[in-house]
Number of protein chains: 2
Amino acid sequence: MDNTASDFERQPTAAVRRGRRRISPDGADARTQIVEAARAEFADRGYDATSLRAVARLAGVDPALVHHYFANKADLFAATVDVPIRPDLLVAEILRGPRDAIGATIVRAIVTQLDSRPTRDAMLALLRTALGHEFAARMLRQFMVREVLGRVASELDTPDSELRASLAASQIVGLIIARYGIRLDALADASPDEVVARVGPIVQWHLLGK
Amino acid sequence: MDNTASDFERQPTAAVRRGRRRISPDGADARTQIVEAARAEFADRGYDATSLRAVARLAGVDPALVHHYFANKADLFAATVDVPIRPDLLVAEILRGPRDAIGATIVRAIVTQLDSRPTRDAMLALLRTALGHEFAARMLRQFMVREVLGRVASELDTPDSELRASLAASQIVGLIIARYGIRLDALADASPDEVVARVGPIVQWHLLGK
């Protein structure tokens, strides 16, 4: 039950695991080159206007190699901000379960991921940057709307699904900041089960409540 | 109804209003000196260990003058981070209304305050700093726990009031970031009444729900 999280973690292929990173003939690390090119493209053009083809061109690699490492643009974006999550698989995981458990599934996934230090640090850094720079905020907004909220919202039948998804996101972002960022004691010390029990129904209500 | 917010806004005395700021014989602005000394003391010692007496000493003024400008330590802290709210009056305002409207009262106060640009900018800057610096995070935590959450929580009869207050804070912080920081469209565009209708019950549930 607790290993649901592993389903949407990015699984490195053997070639990119530590110790076997150099894969291209010239000794450069192709995956790193792609991530750096993507970071530059996202920074220049924003999330929506960046294409995998343009990233490949900038990295000097074949587009097929980008697709070899990254399932899609959302996956590549997550890599540029060091968040080791495949957003598309996370969304699929959320939608696969029963409807009345969507809130709990989301909160358990968040807590499971963020109780791990590197993911937590990456997520907090991403939020901090987005709070400090309008461009980064716009990119995070486009990413969340297109790849995460939009996909969950499109599965909901309510007319105000985008507002609902945004409200759910507000509780999730707040949970991340209060438990892992500012670390309010009572919430930082609560067990994962307690957090799921307290916040799951809220996310559920935002998404599907009347 | 919408001017409830004015009750807890810091009301400048005539002496500190723009154009009449110089009040001390040597031409210095005593209030500014006090705020700067407080900023230094908070930065050196943190929220809990800072005293108004020590701030007065550092500012080179009589402690009575600190009390002339600031009701208490919470009020002084809010001034050092440019948030023009009197936390003690805000808490009093929240607790004065009917119990089943506490969530809506809190959310309306937040939205009313943060739809005003200077307060919003100050609040986002405070959160950004707290996410970037452990010391600032600790200070914000101590401030929120002592002066805001602690006071609301102490009025609640539940055994887990601190956890409840922290959960309410998580939704409030998330609302601030999603509506005013990252600005998710649907939430940023929602009317104050809509936000109160959607988020008020959540804050209420966190604080007092079963």
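Guide: What follows is a conversation about how two chains of a predicted model meet.

Visitor: Why is the pair Arg198(B) and Asp160(A) called a salt bridge?

Guide: The term asks for a side-chain nitrogen of Lys or Arg within 4 Å of a carboxyl oxygen of Asp or Glu. Here the closest N and O atoms of Arg198(B) and Asp160(A) are 2.2 Å apart, so the pair meets the cut-off of 4 Å. The count between chain A and chain B is 4 salt bridges, and the rule for polar contacts finds 14 residue pairs across the interface.

Visitor: Which elements of chain A give two or more residues to the side that touches chain B?

Guide: They are helix H7 (117-132), helix H8 (134-154), helix H9 (161-181), helix H10 (185-188) and helix H11 (192-208) of chain A. The largest share comes from H9(A), which gives 14 residues. Sorted by class, the side of chain A that touches chain B has 24 nonpolar, 7 polar and 10 charged residues.

Visitor: How many residues are in contact between the two chains, and what area is buried between them?

Guide: In chain A, 41 residues are in contact with 42 residues of chain B, where contact requires heavy atoms within 4.5 Å. The area buried between the chains is about 3600 Å², and carbon and sulfur atoms give 71% of this area. On the side of chain A, the residues that lose the most area to chain B are Leu131(A), Ile182(A) and Arg198(A), which together account for 21% of what that side buries.

Visitor: How do you know in what way the two copies are related?

Guide: Chain A is superposed on chain B by a rotation of 180° with 0.0 Å of shift along the axis, and the RMSD is 0.0 Å. The two copies are therefore related as by a two-fold rotation axis. The same surface serves both copies, since 100% of the contact residues of chain A recur in chain B. Of the residues of chain A, Gly174(A) comes closest to the rotation axis, with its C-alpha at 1.8 Å.

Visitor: What share of chain A is buried?

Guide: Of the 210 residues in chain A, 52% are buried, a word kept for residues under 20% relative accessible area.

How values were computed: Residues are numbered from 1 along each chain as its sequence is written. Chains are lettered from A and ligands numbered from 1 in the order in which they are written. This is a predicted model: local features need pLDDT of at least 70, side-chain atom pairs count only at pLDDT 80 or more; totals for chains, interfaces and linings use all residues. Side-chain values use heavy atoms; hydrogens and water are left out. Buried area is the accessible area (1.4 Å probe) that two parts lose on being put together, summed over both. A polar contact is a pair of N or O atoms within 3.5 Å; within protein, one must be able to donate a hydrogen and the other to accept it, and residues adjacent in sequence count only if both atoms are side-chain atoms. Helices (H or I, at least four residues) and strands (E, at least two) are DSSP runs, numbered from the N terminus. Ala, Val, Leu, Ile, Met, Phe, Trp, Tyr, Cys and Pro count as nonpolar, Asp, Glu, Lys and Arg as charged, and the others, Gly among them, as polar. Copies are superposed by least squares on the C-alpha atoms of residues with pLDDT of at least 70 in both. Buried means under 20% relative accessible area, exposed over 50%, partly exposed in between (1.4 Å probe, protein chains only).
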